[in-house]
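Subject: Structure for you to look at

Hello,

Please find the structure we talked about below. My notes on it follow.

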Amino acid sequence: MSDTARWAIYYAPARSDVLWERGIAWLGRDPEDGREFAPPAGLDAQEWTSLTATPRRYGWHATLKPPMRLRETRLEDELRQRLRAFAANRTPFELPPLIVRSLGGFLALTPDAKSPELHRLGEDCVRAFDDLRAPPTQQELAQRRQTGLSPHQDALLARWGYPYVCEEFRFHLTLTGRLPAAEADRLQRQLHSWFASALAEPRHVENLALYHQAMPQAPFRLVDRFPFLGTARTN
């Protein structure tokens, strides 16, 4: 394994979920089996390729523990073992309904209501595996800071290697790169229609997905899923 490889802990819908089917078809790639898809009907192929290029590389997901290099390449097995144990101790919980929304200039699916369980899961994932993370390089830090971080976000970047964690965490499944406002408005309506059948269905967060990027600019692959095995307490 290369020392430039990165690992990430994501939420990924179950393969049987229509949200998985619509998401991978929209982005044009299945990160689990490598299949590629043609552009959705009615979209110019070149335009679609451009607007989905970044989320396609990262794969269909919502970030919980952001992509990280491991302190040592030998820690891959430990990451898997600890992730398996971490997931086994968690209880599935309901995911709030999702809607298409603009986030800082890109479009994403986000929960339409607050979820303490979801926020807790994100923060727990960030903290539980951070001792395995190699510190970011000065170049990586500089690239993050080019986006204009707040002082608090910069402090999170210094501590956790990523600025949008803990209090700044916002669960989302990315659909596009950054777009002009007029284009985002037009595409938002189309995406609402594209995902309508998926958004109408209730679903639970019931596993964690481990994604792997073999080298810089390579696509992320979903390499394993770890189910939640805990059971809810009853009075």
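R35 is partly exposed, with a relative accessible area of 41%; here buried means under 20% relative accessible area, exposed means over 50%, and partly exposed lies in between (1.4 Å probe, protein chains only). This is a predicted model, in which local features need pLDDT of at least 70 and side-chain atom pairs count only at pLDDT 80 or more, while totals for chains, interfaces and linings use all residues. Residues are numbered from 1 along each chain as its sequence is written, and side-chain values use heavy atoms, with hydrogens and water left out.

Salt bridges

A salt bridge is a side-chain nitrogen of Lys or Arg within 4 Å of a carboxyl oxygen of Asp or Glu. Side chains of opposite charge can pair when their charged atoms come close. The structure holds 23 salt bridges.

R35 forms one of them with D30, at 3.2 Å from N to O. D30 has a relative accessible area of 0%, so D30 counts as buried.

A second pair is R90 and D124, whose side chains meet at 3.0 Å, N to O. This pair links distant parts of the chain, 34 residues apart: R90 sits in the loop between helix 4 (76–88) and strand 3 (93–95), and D124 sits in helix 5 (residues 116–128). Helices (H or I, at least four residues) and strands (E, at least two) are DSSP runs, numbered from the N terminus. R90 is buried because its relative accessible area is 17%, whereas D124, at 27%, is partly exposed.

Helix 5 also contains E123 and R127, four residues apart, which is about one turn of the helix. These two residues form a salt bridge, with their closest N and O atoms 3.0 Å apart. E123 is partly exposed at 23% relative accessibility, and R127 is partly exposed at 43%. Elsewhere, salt bridges that share partners join R15, D30, E32, D33, R35 and R225 into one network.

A residue in helix 7

Is L156 buried or exposed? L156 has 7% relative accessibility, so L156 counts as buried. L156 is found in helix 7, which covers residues 151–160. Leaving aside residues up to four places away in sequence, L156 touches G161, Y162, P163, V165, C166, E167 and E168; contact means heavy atoms within 4.5 Å. Q143 is 13 residues from L156 along the chain, and the C-alpha atoms of the two are separated by 15 Å.

Regards
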